[in-house]
Amino acid sequence: MTPLRLVFMGTPDFAVPSLAALVAAGHEILCVYSQPPRPAGRGQQVQISPVHRFADDHGIPVRTPKSLRNAEAQADFAALNADAAVVAAYGLILPQAILDAPRLGCVNVHGSLLPRWRGAAPIQRSILAGDTETGITIMQMDVGLDTGAMLSKETVAITPDTTASTLHDALAALGARMIGPALAGLADGSLTAQPQPEEGVTYAAKLSREDGRLDWTQPAAFVERQVRALTPWPGCWFDVGAERIKVLAAEPAGPSSTDSGTALPGTLLDDRLTVACADGAVRLTRVQRPGKAPVDGAAFLRGFALPVGSVIGAA
(Lines give C-alpha, C1' and ligand atoms only; values in the text may rest on other atoms or scores of the structure.)
Protein backbone atom coordinates (compact mmCIF):
# COMPACT_ATOMS: atom_id res chain seq x y z
CA MET A 1 0.00 0.00 0.00
CA THR A 2 1.00 3.63 -0.32
CA PRO A 3 2.77 4.72 2.87
CA LEU A 4 0.62 6.84 5.15
CA ARG A 5 1.51 9.80 7.32
CA LEU A 6 0.69 8.51 10.80
CA VAL A 7 0.62 9.63 14.39
CA PHE A 8 1.01 6.77 16.87
CA MET A 9 -0.51 7.08 20.34
CA GLY A 10 0.39 4.40 22.89
CA THR A 11 2.16 3.79 26.16
CA PRO A 12 2.78 0.23 27.47
CA ASP A 13 4.49 -2.88 26.08
CA PHE A 14 1.21 -3.96 24.48
CA ALA A 15 1.45 -1.09 21.97
CA VAL A 16 5.08 -1.56 20.92
CA PRO A 17 4.54 -4.39 18.37
CA SER A 18 1.93 -2.31 16.53
CA LEU A 19 4.28 0.65 16.30
CA ALA A 20 7.12 -1.61 15.19
CA ALA A 21 4.92 -3.12 12.47
CA LEU A 22 4.00 0.31 11.12
CA VAL A 23 7.65 1.35 11.03
CA ALA A 24 8.63 -1.91 9.29
CA ALA A 25 5.86 -1.41 6.71
CA GLY A 26 7.38 1.90 5.68
CA HIS A 27 4.75 4.28 6.97
CA GLU A 28 5.89 7.75 7.95
CA ILE A 29 5.51 8.07 11.70
CA LEU A 30 5.23 11.82 12.14
CA CYS A 31 5.14 11.74 15.91
CA VAL A 32 4.51 9.43 18.84
CA TYR A 33 2.25 10.44 21.71
CA SER A 34 2.78 8.62 25.01
CA GLN A 35 2.07 9.05 28.71
CA PRO A 36 4.53 11.31 30.55
CA PRO A 37 7.53 9.69 32.29
CA ARG A 38 6.62 8.41 35.76
CA PRO A 39 8.36 6.83 38.77
CA ALA A 40 8.50 3.04 38.45
CA GLY A 41 10.21 0.02 39.94
CA ARG A 42 11.63 -0.51 43.40
CA GLY A 43 13.74 2.62 43.31
CA GLN A 44 10.86 4.71 41.93
CA GLN A 45 13.14 6.19 39.31
CA VAL A 46 11.38 8.29 36.68
CA GLN A 47 11.14 6.21 33.51
CA ILE A 48 9.83 6.78 30.02
CA SER A 49 7.19 4.39 28.68
CA PRO A 50 8.04 1.37 26.47
CA VAL A 51 6.52 3.13 23.45
CA HIS A 52 8.51 6.28 24.20
CA ARG A 53 11.69 4.20 24.43
CA PHE A 54 11.01 2.51 21.08
CA ALA A 55 10.38 5.87 19.44
CA ASP A 56 13.61 7.32 20.85
CA ASP A 57 15.54 4.31 19.57
CA HIS A 58 14.12 4.86 16.08
CA GLY A 59 14.49 8.63 15.95
CA ILE A 60 10.77 9.37 16.08
CA PRO A 61 9.69 12.61 17.80
CA VAL A 62 7.76 12.04 21.04
CA ARG A 63 5.18 14.21 22.78
CA THR A 64 3.96 13.49 26.32
CA PRO A 65 1.13 15.92 27.11
CA LYS A 66 -0.79 15.41 30.34
CA SER A 67 -4.02 16.27 28.54
CA LEU A 68 -5.32 16.78 25.02
CA ARG A 69 -8.28 18.90 26.06
CA ASN A 70 -6.66 22.32 25.71
CA ALA A 71 -6.64 24.31 22.48
CA GLU A 72 -2.85 24.45 22.21
CA ALA A 73 -2.44 20.67 22.36
CA GLN A 74 -5.21 20.22 19.80
CA ALA A 75 -3.67 22.77 17.45
CA ASP A 76 -0.26 21.09 17.72
CA PHE A 77 -1.84 17.74 16.88
CA ALA A 78 -3.80 19.09 13.91
CA ALA A 79 -0.67 20.78 12.55
CA LEU A 80 0.89 17.36 11.97
CA ASN A 81 -1.52 16.96 9.04
CA ALA A 82 -1.68 13.20 9.53
CA ASP A 83 -3.57 10.75 7.34
CA ALA A 84 -4.53 8.75 10.45
CA ALA A 85 -3.72 8.27 14.10
CA VAL A 86 -3.20 4.74 15.42
CA VAL A 87 -4.07 4.36 19.10
CA ALA A 88 -3.09 1.38 21.27
CA ALA A 89 -3.46 1.51 25.06
CA TYR A 90 -2.60 5.21 25.13
CA GLY A 91 -4.27 6.13 28.40
CA LEU A 92 -5.71 9.57 27.60
CA ILE A 93 -9.22 10.39 26.41
CA LEU A 94 -9.24 11.81 22.89
CA PRO A 95 -11.62 14.76 22.52
CA GLN A 96 -13.58 15.28 19.31
CA ALA A 97 -11.08 17.82 17.97
CA ILE A 98 -8.33 15.19 18.10
CA LEU A 99 -10.55 12.47 16.59
CA ASP A 100 -11.45 14.76 13.69
CA ALA A 101 -7.99 16.06 12.88
CA PRO A 102 -6.49 13.18 10.81
CA ARG A 103 -7.89 12.72 7.30
CA LEU A 104 -8.93 9.10 8.03
CA GLY A 105 -9.63 9.60 11.71
CA CYS A 106 -8.23 7.71 14.69
CA VAL A 107 -7.98 3.92 14.62
CA ASN A 108 -7.74 1.88 17.83
CA VAL A 109 -6.12 -1.51 18.45
CA HIS A 110 -8.33 -2.93 21.23
CA GLY A 111 -7.64 -6.15 23.12
CA SER A 112 -11.08 -7.77 23.05
CA LEU A 113 -13.88 -8.83 20.73
CA LEU A 114 -16.03 -5.73 20.97
CA PRO A 115 -18.60 -4.97 22.24
CA ARG A 116 -17.47 -7.43 24.94
CA TRP A 117 -14.96 -5.92 27.37
CA ARG A 118 -14.95 -2.26 26.55
CA GLY A 119 -12.69 -0.38 28.92
CA ALA A 120 -9.38 -0.50 30.71
CA ALA A 121 -8.62 -4.16 31.52
CA PRO A 122 -10.05 -6.42 28.79
CA ILE A 123 -7.28 -9.02 28.94
CA GLN A 124 -7.60 -9.71 32.66
CA ARG A 125 -11.39 -9.49 32.72
CA SER A 126 -11.79 -12.03 29.92
CA ILE A 127 -9.77 -14.62 31.88
CA LEU A 128 -11.51 -13.80 35.17
CA ALA A 129 -14.91 -14.30 33.55
CA GLY A 130 -13.99 -17.73 32.20
CA ASP A 131 -14.29 -16.70 28.54
CA THR A 132 -13.08 -19.32 26.07
CA GLU A 133 -11.96 -16.77 23.50
CA THR A 134 -11.08 -13.14 23.07
CA GLY A 135 -9.21 -11.27 20.36
CA ILE A 136 -8.37 -7.97 18.74
CA THR A 137 -10.81 -5.46 17.33
CA ILE A 138 -9.52 -2.69 15.07
CA MET A 139 -11.96 0.14 15.62
CA GLN A 140 -12.65 3.57 14.17
CA MET A 141 -12.71 5.71 17.31
CA ASP A 142 -15.51 8.00 18.46
CA VAL A 143 -15.97 9.93 21.70
CA GLY A 144 -17.53 6.98 23.55
CA LEU A 145 -15.69 4.39 25.63
CA ASP A 146 -14.65 1.86 22.97
CA THR A 147 -17.96 2.34 21.16
CA GLY A 148 -16.67 3.08 17.66
CA ALA A 149 -17.44 1.16 14.50
CA MET A 150 -15.33 -1.94 13.82
CA LEU A 151 -12.96 -2.34 10.89
CA SER A 152 -11.78 -5.89 11.60
CA LYS A 153 -11.74 -8.63 14.26
CA GLU A 154 -9.72 -11.77 14.88
CA THR A 155 -9.99 -14.26 17.74
CA VAL A 156 -7.55 -15.88 20.16
CA ALA A 157 -8.47 -18.93 22.27
CA ILE A 158 -8.36 -18.75 26.07
CA THR A 159 -7.33 -22.16 27.40
CA PRO A 160 -7.01 -23.48 30.97
CA ASP A 161 -3.30 -22.60 30.75
CA THR A 162 -3.75 -19.03 29.49
CA THR A 163 -2.32 -16.34 31.76
CA ALA A 164 -2.54 -12.58 31.53
CA SER A 165 1.07 -12.52 30.37
CA THR A 166 0.66 -15.08 27.58
CA LEU A 167 -2.62 -13.55 26.41
CA HIS A 168 -1.12 -10.05 26.50
CA ASP A 169 1.72 -11.16 24.22
CA ALA A 170 -0.56 -13.06 21.84
CA LEU A 171 -2.94 -10.12 21.48
CA ALA A 172 -0.12 -7.59 21.07
CA ALA A 173 1.33 -9.68 18.23
CA LEU A 174 -2.09 -10.13 16.64
CA GLY A 175 -2.80 -6.40 16.79
CA ALA A 176 0.51 -5.74 15.06
CA ARG A 177 -0.46 -8.12 12.23
CA MET A 178 -3.92 -6.61 11.84
CA ILE A 179 -3.27 -2.88 11.92
CA GLY A 180 -1.52 -2.66 8.52
CA PRO A 181 -4.31 -4.35 6.51
CA ALA A 182 -6.94 -2.36 8.38
CA LEU A 183 -5.25 0.92 7.51
CA ALA A 184 -4.85 -0.17 3.90
CA GLY A 185 -8.52 -1.04 3.62
CA LEU A 186 -9.55 2.21 5.26
CA ALA A 187 -7.30 4.25 2.96
CA ASP A 188 -8.41 2.65 -0.32
CA GLY A 189 -12.08 2.37 0.65
CA SER A 190 -12.22 -1.43 0.48
CA LEU A 191 -12.93 -1.74 4.21
CA THR A 192 -16.12 -0.29 5.66
CA ALA A 193 -16.48 0.11 9.41
CA GLN A 194 -19.42 -1.78 10.89
CA PRO A 195 -21.32 -0.48 13.96
CA GLN A 196 -20.96 -2.56 17.09
CA PRO A 197 -23.98 -4.68 17.99
CA GLU A 198 -26.13 -3.34 20.80
CA GLU A 199 -26.24 -6.72 22.54
CA GLY A 200 -23.34 -8.30 24.41
CA VAL A 201 -21.82 -5.13 25.85
CA THR A 202 -19.63 -5.65 28.93
CA TYR A 203 -17.20 -3.33 30.67
CA ALA A 204 -13.66 -4.20 31.74
CA ALA A 205 -13.32 -2.07 34.84
CA LYS A 206 -9.88 -0.81 35.81
CA LEU A 207 -8.03 -3.09 38.22
CA SER A 208 -6.77 -2.15 41.68
CA ARG A 209 -4.43 -3.94 44.07
CA GLU A 210 -7.41 -5.03 46.15
CA ASP A 211 -8.66 -7.07 43.18
CA GLY A 212 -5.75 -9.42 43.88
CA ARG A 213 -6.99 -10.46 47.32
CA LEU A 214 -7.87 -14.15 47.16
CA ASP A 215 -11.31 -14.84 48.53
CA TRP A 216 -11.70 -18.49 49.49
CA THR A 217 -15.49 -18.05 49.66
CA GLN A 218 -15.43 -17.96 45.85
CA PRO A 219 -15.53 -21.21 43.84
CA ALA A 220 -12.13 -22.83 43.31
CA ALA A 221 -12.44 -22.35 39.53
CA PHE A 222 -12.71 -18.60 40.01
CA VAL A 223 -9.74 -18.43 42.42
CA GLU A 224 -7.57 -20.36 39.96
CA ARG A 225 -8.60 -18.03 37.13
CA GLN A 226 -7.92 -15.04 39.37
CA VAL A 227 -4.28 -16.09 39.77
CA ARG A 228 -3.87 -16.54 36.02
CA ALA A 229 -5.61 -13.27 35.25
CA LEU A 230 -3.96 -10.99 37.80
CA THR A 231 -0.34 -12.15 37.74
CA PRO A 232 1.97 -10.23 37.43
CA TRP A 233 -0.25 -7.19 38.11
CA PRO A 234 -1.86 -6.35 40.43
CA GLY A 235 -0.77 -9.73 41.77
CA CYS A 236 -2.72 -12.17 43.95
CA TRP A 237 -2.23 -12.55 47.68
CA PHE A 238 -3.57 -13.64 51.03
CA ASP A 239 -2.59 -12.68 54.58
CA VAL A 240 -1.23 -14.95 57.28
CA GLY A 241 -0.92 -12.98 60.47
CA ALA A 242 1.06 -9.86 59.67
CA GLU A 243 2.55 -11.26 56.44
CA ARG A 244 1.13 -10.78 52.96
CA ILE A 245 1.84 -13.87 50.88
CA LYS A 246 1.96 -13.47 47.10
CA VAL A 247 0.48 -16.28 45.02
CA LEU A 248 2.28 -16.59 41.70
CA ALA A 249 0.72 -19.82 40.41
CA ALA A 250 -2.13 -22.15 41.33
CA GLU A 251 -3.91 -25.18 39.94
CA PRO A 252 -7.21 -26.96 40.52
CA ALA A 253 -6.82 -29.61 43.23
CA GLY A 254 -7.55 -33.22 42.33
CA PRO A 255 -10.57 -34.94 43.90
CA SER A 256 -8.40 -37.17 46.12
CA SER A 257 -6.91 -34.16 47.90
CA THR A 258 -10.00 -32.01 48.32
CA ASP A 259 -11.71 -32.86 51.55
CA SER A 260 -13.51 -29.56 51.16
CA GLY A 261 -17.10 -30.67 51.32
CA THR A 262 -17.33 -29.87 55.03
CA ALA A 263 -14.21 -27.70 55.38
CA LEU A 264 -14.57 -23.97 55.89
CA PRO A 265 -13.35 -21.86 52.96
CA GLY A 266 -9.66 -21.08 53.58
CA THR A 267 -8.96 -24.37 55.39
CA LEU A 268 -5.51 -25.80 54.70
CA LEU A 269 -6.21 -29.34 53.49
CA ASP A 270 -2.75 -30.87 53.15
CA ASP A 271 1.01 -30.28 53.28
CA ARG A 272 1.10 -29.14 49.62
CA LEU A 273 -0.76 -25.88 50.30
CA THR A 274 -4.16 -27.01 49.05
CA VAL A 275 -6.86 -24.63 50.25
CA ALA A 276 -10.59 -25.26 50.48
CA CYS A 277 -12.86 -22.87 48.61
CA ALA A 278 -16.63 -22.45 48.55
CA ASP A 279 -16.77 -25.11 45.86
CA GLY A 280 -13.72 -27.37 45.53
CA ALA A 281 -10.15 -26.44 46.34
CA VAL A 282 -7.03 -24.96 44.78
CA ARG A 283 -3.39 -25.89 45.24
CA LEU A 284 -1.07 -22.90 45.49
CA THR A 285 1.93 -24.11 43.53
CA ARG A 286 4.17 -21.04 43.73
CA VAL A 287 4.12 -18.48 46.51
CA GLN A 288 6.38 -15.80 47.91
CA ARG A 289 6.87 -14.34 51.38
CA PRO A 290 7.93 -10.69 51.70
CA GLY A 291 11.64 -10.35 50.94
CA LYS A 292 12.01 -14.04 50.09
CA ALA A 293 12.43 -15.99 46.87
CA PRO A 294 9.41 -17.73 45.32
CA VAL A 295 8.96 -21.38 46.41
CA ASP A 296 6.45 -24.16 45.83
CA GLY A 297 3.62 -24.70 48.26
CA ALA A 298 5.23 -27.60 50.14
CA ALA A 299 8.46 -25.66 50.67
CA PHE A 300 6.48 -22.67 51.91
CA LEU A 301 4.78 -24.80 54.57
CA ARG A 302 8.10 -26.27 55.69
CA GLY A 303 9.32 -22.76 56.45
CA PHE A 304 6.03 -21.35 57.68
CA ALA A 305 4.41 -23.64 60.24
CA LEU A 306 0.72 -23.84 59.41
CA PRO A 307 -1.04 -26.98 60.61
CA VAL A 308 -3.36 -28.87 58.30
CA GLY A 309 -6.88 -27.88 59.26
CA SER A 310 -6.07 -24.28 60.06
CA VAL A 311 -7.91 -21.49 58.25
CA ILE A 312 -5.66 -19.04 56.39
CA GLY A 313 -6.04 -15.64 54.82
CA ALA A 314 -9.70 -15.13 55.55
CA ALA A 315 -11.05 -12.43 53.23
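Start by selecting S112 and its surroundings: apart from residues up to four places away in sequence, S112 touches W117, P122, T134, G135, I136 and T137. The model on the screen is predicted.

**Stop 1: S112 and its loop**

S112 sits in the loop that connects β7 with β8 (118–119). Is S112 buried or exposed? Its relative accessibility is 0%, and buried means under 20%, so S112 counts as buried. Now show the side chain of S112 and the backbone of W117. A polar atom of that side chain lies 3.2 Å from the backbone oxygen of W117.

Stay in this loop and select P115, which also lies between β7 and β8. The peptide bond that joins L114 and P115 is cis, with omega about 15°.

**Stop 2: the sheet of seven strands**

One of the residues touching S112 is T134. Select T134 together with V156, its bridge partner in β10. Strand β9 (residues 133–140) runs antiparallel to β10, and seven bridges join the two.

Next, colour the sheet that contains this pair. How many strands form it, and in what order? Seven strands form this open sheet, and the order is β5-β2-β1-β6-β7-β9-β10. The pairing is mixed. At the edges are β5 (62–63) and β10 (150–157), each of which pairs on one side only.

**Stop 3: helix α1**

Select helix α1, residues 16–24, and look for its buried residues: V16, S18, L19 and L22. Turn the view until you look down the axis of α1. The buried residues fall within an arc of 165°, so they line one face of the helix.

What do the buried residues of α1 pack against? Among the strands, show β1 (5–10), β2 (28–33), β6 (84–88) and β7 (106–110). Among the helices, show α2 (50–57) and α6 (164–188). Strands β1, β2, β6 and β7 are members of the seven-stranded sheet from the previous stop.

Then move to G26, which follows α1. The phi of G26 is positive, near 90°.

**Stop 4: two positive phi angles outside glycine**

Select N81, in the loop between α3 (71–78) and β6. N81 is not a glycine, yet its phi is positive, about 55°. Its relative accessibility is 55%; exposed means over 50%, so N81 counts as exposed.

With a relative accessibility of 37%, A89 counts as partly exposed.

**Stop 5: the sheet of four strands**

Now select the strands β12, β13, β15 and β14. They form an open sheet in the order β12-β13-β15-β14, with antiparallel pairing. Which strands are at its edges? They are β12 (236–240) and β14, each pairing on one side only. On average, neighbouring strands of this sheet are turned by 50° against each other, direction ignored.

Pick out β15, residues 281–288. Six of its eight residues are buried, which leaves the strand mostly covered. On one side, β15 pairs with β13 (residues 243–252) in the antiparallel sense over six bridges. To see a pair of facing residues here, select K246 and, opposite it in β15, Q288.

Strand β15 also pairs with β14 (residues 274–276), again in the antiparallel sense, over three bridges. Select V275, which stands opposite V282 in β15. Then select A276, which stands opposite A281 in β15. The hairpin of β14 and β15 has four residues between the strands, and G280 in this hairpin takes a positive phi near 85°.

**Stop 6: helix α7**

Finish in the loop between α7 and β12, where P232 lies. A cis peptide bond joins T231 to P232, with omega about 15°.

Key: Residues are numbered from 1 along each chain as its sequence is written. This is a predicted model: local features need pLDDT of at least 70, side-chain atom pairs count only at pLDDT 80 or more; totals for chains, interfaces and linings use all residues. Side-chain values use heavy atoms; hydrogens and water are left out. Buried means under 20% relative accessible area, exposed over 50%, partly exposed in between (1.4 Å probe, protein chains only). Two strands pair if DSSP finds at least two bridges between them. The arc is that of the directions from the helix axis to the C-beta atoms. Contact means heavy atoms within 4.5 Å. Axes are lines fitted to C-alpha atoms, for helices over the stretch in contact, and angles run from 0 to 180 degrees between N-to-C directions. A polar contact is a pair of N or O atoms within 3.5 Å; within protein, one must be able to donate a hydrogen and the other to accept it, and residues adjacent in sequence count only if both atoms are side-chain atoms.
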